[in-house]
Amino acid sequence: MAAEIVNPLSESATEGAPEEPFDPAFALHRGGKMAIQATVPVRDKDDLSLAYTPGVAKVCTAIAEQPDLVHDYTWKSQVVAVVTDGTAVLGLGDIGPEASLPVMEGKAILFKQFGGVDAVPIALATTDTDEIVDTVVRLAPSFGGVNLEDISAPRCFEIERKLQERLDIPVFHDDQHGTAIVTLAALRNAAKLTGRTLGDLRAVISGAGAAGVAIAKFLLSAGIGDVCVADRKGVVSSDREDLTDVKREIAGLTNKAGLTGSLETALAGADVFIGVSGGTVPEAAVAAMAEDAFVFAMANPNPEVHPDVAHKYAAVVATGRSDYPNQINNVLAFPGIFAGALQVRASRITEGMKIAAADAIAGVVGDELSADCVIPSPFDDRVAPAVAAAVAAAARAEGVARR
């Protein structure tokens, strides 16, 4: 018989049981972390007649005659759908749509706090790629953008591609592109700190999922010297016969050095380690990296290389954790990216807009650049405005802005 699951804050959870320590996480989440709030008052019949019938009919008729007016007279241009199927939630894996909601609510409040962008969590009760795409397409008239979140690879690649083909609003899978953007920003500053350029670097990425593949492609588009990707079976190289379509593509784009074998073998002489996979990298492999190497071990809560070990050999160390310097945190990217894209009513988020975002994040560090500060704090209030301005300018330059 399965054990009964009870709410840690409920009375039934404590009746007859030893007193347990108070858990602030459950206290904070009770009732959810967000709510819908009106932006106009409804105090009397005059307000009611303007906010609803009959006044609202005039606005509806105007939008029906000129559909673009929806951006001016509804919330559409200020709100993002945060969409998941619950298959790759944080480090928890496939926990389902209901269990993913606390994370999606968290994402939504980060959009608001850091970018001033309203966001609505939408957890879908399907993992079928085409059903997800069709559902989001049908929901899209209500939103100015779509942020895909915690959808497992390789489906996430196809879902994003199909949605962007069918929609004329930005579609952005944060687990891919947000991570890649912040990684590039930190890497640019690390290279600058050590007197190098991106083109001087050879990077090894541990992890061939959504983040690993996106980081590899993005670093290539930004001009890195060379990059190879490794999964659980070793370097993703063209000579392997067990590759998925996505991995086969990445094998053809990366690894100019023609490396084969294990991750540890690839790290010998490498300038950069980027971890987005979990697992543990042996200290000997880190010691075999090039002089003034960079170790970006971003698995949470346990980095692939512990910072104490990484600091023995690396010039710059970054993690995904908030209790160490140089946190690679997506909140540095997605609020400002959507704020900028919505500001100019962009039809999509281009590679140029993503590179502009990375450059803006890196630029905020400025004179504060040091081994412990190659990336700004998530709470640096200069970040989102800088990213939004850079993204808006790039959208106009690339011809995807509509105002």
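Modeller: Let's start with Asp292, which is partly exposed at 38% relative accessibility (buried is under 20% relative accessible area, exposed is over 50%, and partly exposed is in between, using a 1.4 Å probe and protein chains only). Before going further: this is a predicted model, where local features need pLDDT of at least 70 and side-chain atom pairs need 80 or more, while totals for chains, interfaces and linings use all residues. Numbering runs from 1 along each chain as its sequence is written, and side-chain values use heavy atoms, with hydrogens and water left out.

Asp292 sits in the loop between α13 (283–287) and β9 (293–297); here helices are DSSP runs of H or I with at least four residues, strands are runs of E with at least two, and both are numbered from the N terminus. What makes Asp292 worth a look is its positive phi of about 60°, even though it isn't a glycine. Asn255 does something along those lines, with a positive phi of about 65° and again no glycine. Its loop runs between α11 (245–253) and α12 (263–267), and Asn255 counts as buried, at 10% relative accessibility. For background, most residues other than glycine have a negative phi, and most peptide bonds are trans.

Thr53 to Pro54 is cis, with omega near 10°, and Pro54 belongs to the loop between α3 (45–51) and α4 (55–65). Another cis peptide bond links Ala153 to Pro154, where omega is about 5°. Pro154 is in the loop between β3 (145–148) and α8 (155–166).

Cys156 is one of the residues touched by Gln176, along with Phe157, Glu160, Ala210, Ala211 and Ala214, once residues up to four places away in sequence are set aside (contact means heavy atoms within 4.5 Å). Gln176 itself is in helix α9 (residues 174–193) and is buried at 4%. Gln176 and Ile215 are 39 residues apart in sequence, yet their C-alpha atoms are 7.2 Å apart.

Helix α9 also holds Asn189, buried at 7% relative accessibility. Apart from neighbours within four places in sequence, Asn189 contacts Ala362, Val365, Leu369 and Val374. Cys373 is buried too, at 17% relative accessibility. As for disulfides, the count is zero, taking a pair of cysteine sulfur atoms within 2.5 Å as the criterion.

Now zoom out. The protein chain has 17 helices and 10 strands, and 50% of its 403 residues count as buried. Of the contacts between residues at least 6 apart in sequence, 66% join residues at least 24 apart. Along the principal axes, the C-alpha atoms fill a box of roughly 75 × 65 × 45 Å.
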